[in-house]
Each structure stands twice: as C-alpha cells, then as structure tokens.
Amino acid sequence: MRLRRTLAFSRRALLQFRHDRRTLAFVLIMPLLMILIFGYTFGGDVKNVSVEIVNQDAGIQEGSSPLLPQGLHLGEMVIKNLDEQALSLHENTNVTNARQTVHDGHAWAAVIFPANFTQEFLSSISSQQGTIPAKIEIYLDASNPTISAEVIKAVTQSIQATLKEITADLNKTQVEIPITIDPSYEYGGSETRFIDYFAPGVISFAIMMVTTMITIILFVNERRNGTLQRLLVSPASESEIVVGYALAFAVIGMCQSIVVLVAAILLFNITIVGDILLALIVILLLAFGHQGLGILLSAGAKNEMQAVQFIPLIIFPSILLAGLFWPIESIPSYLQPLSYIIPLRYGIDAERSIMLRGWGIGEIWVDILVLILFALLTLSASVVLLKKKN
Amino acid sequence: MKVSLLLQKQVSCPTCKTVITCTGSPGEIVKVTCPSCGLLGKVSFEPTFDALTKIVEIQHLTKTFGKFTAVDDLDLTIYKGEIYGLLGPNGSGKTTIIRMLCDLLKPTSGSTKIFGHTLPCTSNKKHIGYMPQDTAIYLDNTVHENLAFFGSIYGMTREQLEAKEQEMLKFVNLQDWRSSLVSTLSGGMKHRLSLACALIHEPSLVFLDEPTVGVDPELRAAFWGYFGSMTQKGITVIITTHYMDEADHCSRVGLLRQGRLIADGRPSDLKKRTGTTSLEGAFLFLAGRKKP
Ligand SMILES: Nc1ncnc2c1ncn2[C@@H]1O[C@H](COP(=O)(O)OP(=O)(O)O)[C@@H](O)[C@H]1O
Ligand SMILES: [Mg+2]
C-alpha cells in the first residue's frame, strides 16, 4: 500500500464534497437539525400542560380539630403548590364537565379533589393504622406517556410540598407523614435532561447514517460511471481505495461531530464529563465500520434510486433497537437480543458512557472491541468484494 | 508471420509549405508528391522500434454470458507501435474483449499475455492506459482535479503532473475549462477529458473504447493525429470503433461480427482482398460471405 496513492483517493473525495454543496449540507445540517428538533421537543421539561382542576374539598373549619385548631383546606393548598410552569390550570366546578373536557381532547388531565379530602387525610393520620387514605382523582389522557408522567409528577411534588407545610403547622409532632420521596442519583442528577441523554446518541446515529448513505451513493456512482473500472485497471490496489475513502470519511466524521457537539453545548448546554478524545475515537470506529457496510451494500444497488431504498433498512433497526431514544431495557425482551447485532448500539453505549458517566477505556473496552471488529470485518470484506470479477 | 505496420508522418513541402500526411512502414523510404506544387520528394520512416515485439498475445479467448457467446475463440497478436482497430457493429463484442484485456472481466476460456506476462498480472498495470466506453470521470470534481487524481494514482509527481496536464488540456482543447466542474461540461467535452485521463500517465499500451463517439470531425482528426504521434514513440494503441470510415487510420484492423473475428489485416489489404473501396464495403462483403 502506498501512502501517496491512498491520499490521492482521500483528497479527491474531500474535494468532491467541497464542490457538492448539497451533500455537504446533508452531512452537516442533518445531525444539526436532529439535535435541534429533538432538543427543543424533548429537551426541556414539558410546559403548559392544560389541566382541569375541580376542588370540591370542604376542608375543616377552625377549631373543629385538636390537631389543627386553625382549620385546614388541604385541596386549596395542594393546588397552590402545583407547578405553574409545567401545568396550565383551569378551575372547574363540575366533575362531569371536567372529564368531558379531557375526553374531548381539550385538556390532558382533570385533577379532582373530593369533598371529604381534608377530612379523610386527617382521619388517616390520626388513626395510627391509616384507615382510608385521602384520595385525589386524576383523570388522564395517557396517550402521551411523557405528558401524563409530567402531570403525576407535578401533583406528587405539590403534595410533598404541602405536607411539609402542614407538618410545620401541626401541633403534635408524633404524627409521621407516611410518604417521603428522596431521589438519589448515581449518574447525572436531577438536572440531567433528556437532551443530555440524547446528544451522544444523535452524534452516533448521524455518523452512522451519513457515512453509510454517502458511501453507498459514492460507490454506486463509481460503478455506474465506470470510474471504478479505471481504478481497478490502474496500479492502485483495492485496499488503497478503501483506506483512501476511510481517511476522507474520518475527516468528515470529525467535522460533523465537532459541529454537532459545539451546537449541543452552545444551544442546550449539554454536559460532557468524559474524555472528548475517546469520544472522537469511538466516532471514527463507527464511521469506518459503516463505510465498509456502505461499500458492501452498494453492490446491491444499480443506481442512486435503489440505494435510497436502503435507508429505512438502516434507520429503523437503529432507531428502535440501538437505544437511541429509549433504553434497550425498555424494548420487548424477545427483541433485545437483536440489538446485539446492531453496531450502532455499541457506539451509542460507548458515547453515553463517556459523555455522561465519564467512563474511560477500562469500562467501555467491550464496546470498543466490538466496533473495531465490525470495522475490520466490513472493510476487509469490501476489499474482497472490489477484487471480485465476473 | 510477417507483419507490416503503417506509420503516419506529417511533413511540410520545402517549397510551398503545404503539410502532407504520408504513410509508410518503419525503416521504409516512400516517394511523395506534393499535392499543391507537384514537387517530388522522399520521406523516410525511421526504424524507431522493434516492429516485431509482441505486446498483446491473445489465444482462444472466449467469453460467454449464460448461453450467449459474446467473444468466440479470439486469436490475435498485436505488436509494438501499432494502432490496432477493433471494428464491428454494436454488440459485436468489442467492449467485452477490451474488458478482458484490462483484466476487468475473467474470460470463460483462453489466455492473454500482455508485455509477455500472462493475465492476471499487476506489474503491467502502471504501463497501461484505459478509457472505458462510459465517460468514467468524476462529475463533482473539476477538470484539473480529475487529471491530477488519475495522474497521481499512477504515481506521477506534482512537477510531472503540471507539465503533462498542460499538454493534455491543449490536446483535448479544454484549456479554458481547467477549473470547471465536470458536471457543467457538454457530453463531448466530458468524453475528451476522459481520453486525457487515460493518457496523462504516458502509458505504453493504451486501450480506448470508442474514444471518438460524440467528438466533432475536426477534433476527431486531431485525435487520430495524436494517436499516430503516440505510435511513433513506440506506444501501442488498441482502439474500438463502429465508425468504419475512421478505421482507415489504423495500422491494422480486426473486423468483428457476433463475437467472431471475421477478418484481420491492414485496411488497404482488406479492401484489396474484397475488391471494395471502403472498409464498410469490405465488412459487408465479408459478413455476407460468412453468413451461414
Ligand atoms: N455482463 C454482461 N452480461 C450479459 N451479456 C453481456 C454482458 N456484457 C456484454 N454482454 C453482451 O455481449 C454482447 C457484446 O457486448 P459488447 O462487448 O458491449 O459489444 P460492443 O462493445 O461491440 O458494442 C452484447 O450482446 C451484450 O449484450
Ligand atoms: Mg462497446
């Protein structure tokens, strides 16, 4: 293998990208758009979820309970403590009407405080066993799990806040409030947002998509235009062709990752706790492996149109099974083994471990090893494929 | 086997300066009469190369695609400094032969030696130039980038490239388009660039698959002139065409029909043998006679 010749391939491919603005835009803007769209839709917390509030709680009057001589309107307090940013509240007096509003899709939930809410709360804490717990009814449109989770979270937080206030007011301290939630975080923290989890995945996914697609298109064109024949007649070897292109994709992958990372840091202030250099090495391995895959797939397409038909074949398994949006643990258990054969899985896992957990090579060596093997396998198979004559 | 080669040489008449194209074999001295002033003179053709060096030796070369035989038992020897023309209608197997000679296609049977080495052989590769039938150049690169790329994969240095690129651009008449993207060029211009890319590394054996398709007559004549000058440097040119008229420029032609070589020889000999005035006539005569 001669370096000069190998570099001639890289140089030509990079010059081609410089002239081909459309492809360049695809390379850089596609991942940027992804991070923007997903960042803004999933990235922040859910805001302004419309909720119907029906407060029928009668409360207890001043002086009617020895525990709380000044009286209590628990429902009112909980409502006051609801997160005004997350939920947009509409007071309603009619339960049926509130449910209808949810049913009609005009609100995501109806939160209903029954008339004896405070009463039941008091009796449940005064009788030590807790007879009937006080009940808040939440009538949910759970078609969007993120939103319904947000409603429940907001109500739970508000109850906690309210209970804290009451304990301060309670005359007697022997009463223990049954529920306290004290979350502890192993990695990340309460401030880790979906975007932090998502960014390493987007970078890996973008590298995979762009490298595979562009390689397929480049090699379909090499074949169809006849340039590949010229290369095969020339003294250049098949491995020089493959390595030459790999170097070009390494440069492109680096630019791409840096653009996406900088955008994610500037726009969403994402946290990277690990070694950026290691993160970039993982990116390179992903790019090399998928370049090989692209060359292999290009043999199965006669023109660009046919090449485009490979896109869903590549995208869907990666989106669904590689843990891009959802953790692999959340996919059906009989599908989970499939994720092991998707190389992107290891890339995403490694990038997340590096960026979110700050892990080093000692912890993610399995991912790296798999990616190295994948790259070696596809690249050498593509050298063999190029050598094949009919 | 006695082989006669035909060389072309351009001389200018010492009195009236008319440019005369004369033909002859290496070492031969031919008598020439100036067409405008009638001056009689002699032109000598130097024995610049060993006319009997075998460059390409093809034996029983056959290629079948399924049941279809595209090339049928081809035997052919091509010598140094020849312009050998593979001549035949579309589908007669010209491209298939070239692709086998370039080791892009495995023959079904038979063997080929190039520079004395039996194919497949990698050590030959740097001396071979190949212009495929498709315009095999990179559309999203400039003219210059294409020439530089193909030159450098043949190991040319920057200095060698610079000098040769100028010569090539001038030859294919693309000097003004050096920095243009290939995708913006016309079909004929792409074709010319493709030819330049096949010749930039100064190969000693050149395969040109239909190099004159879509090239205007004036440039076509220039092409043939250039090929002629290449053979004088000892370069061997193997060319395919389905334009029977331009095959007169070849030192030798092989007439192909349905994958079979139906005749092989100097254009003038073929015409003489068949009693026709053009190669087209010769082809029709031979094709008709060979019909089952
Ligand atoms: N890869 C192939 N598969 C099947 N048939 C082929 C293939 N390549 C060429 N042929 C057939 O072989 C014949 C000769 O083709 P070709 O060599 O391209 O002819 P020419 O270059 O003289 O026009 C044609 O009939 C063509 O259809
Ligand atoms: Mg052809």
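This is a predicted model: local features need pLDDT of at least 70, side-chain atom pairs count only at pLDDT 80 or more; totals for chains, interfaces and linings use all residues.
## Helix H1 of chain A

Helix H1 of chain A runs over residues 3–19. Its 17 residues should span 24 Å at 1.5 Å a residue. The C-alpha atoms at its ends lie 24 Å apart, so expectation and model agree.

Several positions in H1(A) are buried: A:Arg5, A:Thr6, A:Ala8, A:Phe9, A:Ser10, A:Arg12, A:Ala13, A:Leu15, A:Gln16 and A:Phe17. Among them are the arginines A:Arg5 and A:Arg12 and the phenylalanines A:Phe9 and A:Phe17. An α-helix makes one turn every 3.6 residues, so residues three or four places apart point the same way.

## A:Glu76 in helix H3

Helix H3 of chain A covers residues 74–81 and includes A:Glu76. The relative accessibility of A:Glu76 is 46%. Buried means under 20% and exposed over 50%, so A:Glu76 counts as partly exposed.

A:Gly274 sits 198 residues from A:Glu76 in sequence. In space, the C-alpha atoms of A:Glu76 and A:Gly274 are 46 Å apart.

## The two domains of chain B

Chain B splits into domain 1 (7–44) and domain 2 (53–286). Taken over C-alpha atoms, the centres of these domains are 28 Å apart.

Four residues of domain 1 of chain B touch five residues of domain 2 of chain B. Together the two domains bury about 340 Å². Carbon and sulfur atoms account for 35% of that area. Zero salt bridges link domain 1 of chain B to domain 2 of chain B.

Key. Residues are numbered from 1 along each chain as its sequence is written. Chains are lettered from A and ligands numbered from 1 in the order in which they are written. Side-chain values use heavy atoms; hydrogens and water are left out. Helices (H or I, at least four residues) and strands (E, at least two) are DSSP runs, numbered from the N terminus. The expected span of a helix is 1.5 Å times one less than its number of residues. Buried means under 20% relative accessible area, exposed over 50%, partly exposed in between (1.4 Å probe, protein chains only). Domain bounds come from an automatic or database domain assignment. Contact means heavy atoms within 4.5 Å. Buried area is the accessible area (1.4 Å probe) that two parts lose on being put together, summed over both. A salt bridge is a side-chain nitrogen of Lys or Arg within 4 Å of a carboxyl oxygen of Asp or Glu.
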